[in-house]
Amino acid sequence: MKVDLHNHTSFCNHATGSMEEYIQRAIEEKIDVFGFSCHNPMGFDEKYRMSFTQLPLYLDRIRELKEKYHSKILIKSALEIDYLPQYLEDRLLDLPLDYRIGSVHFLGSWGFDNPEFIGEYSKRDINKIWEDYYAAIEEMAKSGLFDIVGHIDLLKIFKFYPTKDLRKPLQSALKAIKKSNMVVEINAAGFRKEVGEQYPSREILEMCLELEIPITFGSDAHSIEQIGFKREAMEDLAKEIGFSKCATFTQRQREMVEF
């Protein structure tokens, strides 16, 4: 079964193509389970996300597509939610979603994956950046609010790697993920970035297998042609490491299926 749970829409203001075109492409790519997971609305970084007033329209459109294409593909409703506790509103957490992707895109107010702010790396200690990032991932996991960890090593996007061994804070974050019963996604977006590989690294996936943390898959598509991108490579890697099943969700209940 082909599962693709991380995909964006034009509601986030930095993706192209209609939601129906995404579904049609997913069907062409022989994807069985496709999830829309647009960026959550919040009172910060509003340029790159929908507003709360648009949220009902987003969910209505997913429902319409579920009904129209129910015989061809299983469509899931979700959000990719930035872990910024001061912006996590109850009206967001009360939504009847199939799953929530929890992601860290910001350290404080710094959007570290945005090329506009790449200069900030030269002003900070790279090891401290990575330590803070892993700490944020761990805190997100401990919140118990999410089902999937989005692109767990996103910080490598521009190939700024730590210069010392940081497996200890990484291991601590992974143990929190395991304890909170979360899933780690294998995300194709890194192939389209300077880092040139999937999120997460093979090493992290091997650590996930050892800890019995489940995986799932996501194109992280922001355009139609990105749906299913590098799918075979990600599946092959997962199988090489020792995974044979991936997660999907219905009303936040997890099911493991063979891929």
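The charged end of arginine 231 sits over the ring of phenylalanine 217, 4.4 Å from its centre. A charge counts as sitting over a ring if NZ of Lys or CZ of Arg is within 6 Å of the ring centre and within 35 degrees of the ring normal. Lysine 230 does something like this too: its charged end sits over the ring of phenylalanine 191, 5.3 Å from the centre.

A quick word on what you're looking at: this is a predicted model, where local features need pLDDT of at least 70 and side-chain atom pairs count only at pLDDT 80 or more, while totals for chains, interfaces and linings use all residues. Residues are numbered from 1 along each chain as its sequence is written, and side-chain values use heavy atoms, with hydrogens and water left out.

**Helix H7**

Back to arginine 231, which belongs to helix H7 (residues 231–241) and is buried there along with Met234, Glu235, Leu237, Ala238 and Ile241. Helices (H or I, at least four residues) and strands (E, at least two) are DSSP runs, numbered from the N terminus. Buried means under 20% relative accessible area, exposed over 50%, and partly exposed in between (1.4 Å probe, protein chains only).

The buried residues pack against strand E1 (3–4), strand E8 (183–187), helix H6 (202–211) and strand E9 (215–218); contact here means heavy atoms within 4.5 Å. Just after H7, glycine 242 takes a positive phi of about 130°.

**Rings together**

How many aromatic pairs does the structure hold? There are 17. Rings of Phe, Tyr and Trp (its six-membered ring) pair if their centres lie within 6.5 Å; planes under 30 degrees apart count as stacked, over 60 as edge-to-face and the rest as tilted. Here are two of the pairs:

| Pair | Centres apart | Plane angle | Type |
|---|---|---|---|
| Phenylalanine 44 and phenylalanine 106 | 5.1 Å | 65° | edge-to-face |
| Tryptophan 130 and tyrosine 134 | 5.5 Å | 50° | tilted |

Phenylalanine 44 lies in the loop between strand E2 (33–39) and helix H2 (55–68) and phenylalanine 106 in strand E5 (residues 106–107), so this pair ties together parts 62 residues apart in sequence. Phenylalanine 106 is buried, at 10% relative accessible area.

Tryptophan 130 and tyrosine 134 both lie in helix H4 (residues 126–143), 4 residues apart, or about one turn of the helix.

Leaving aside neighbours within four places in sequence, isoleucine 129 is in contact with Leu107, Trp110, Tyr121, Arg124 and Leu155.

Now for the backbone. The peptide bond from tyrosine 199 to proline 200 is cis, with omega near -5°, and proline 200 sits in the loop between E8 and H6. Aspartate 45 isn't a glycine, yet has a positive phi of about 55°. Aspartate 45 lies in the loop between E2 and H2 and is partly exposed, at 24% relative accessible area. Glutamine 251, also not a glycine, has a positive phi near 50°. Glutamine 251 is in the loop between strand E10 (245–250) and strand E11 (253–258), and is exposed at 62% relative accessible area.
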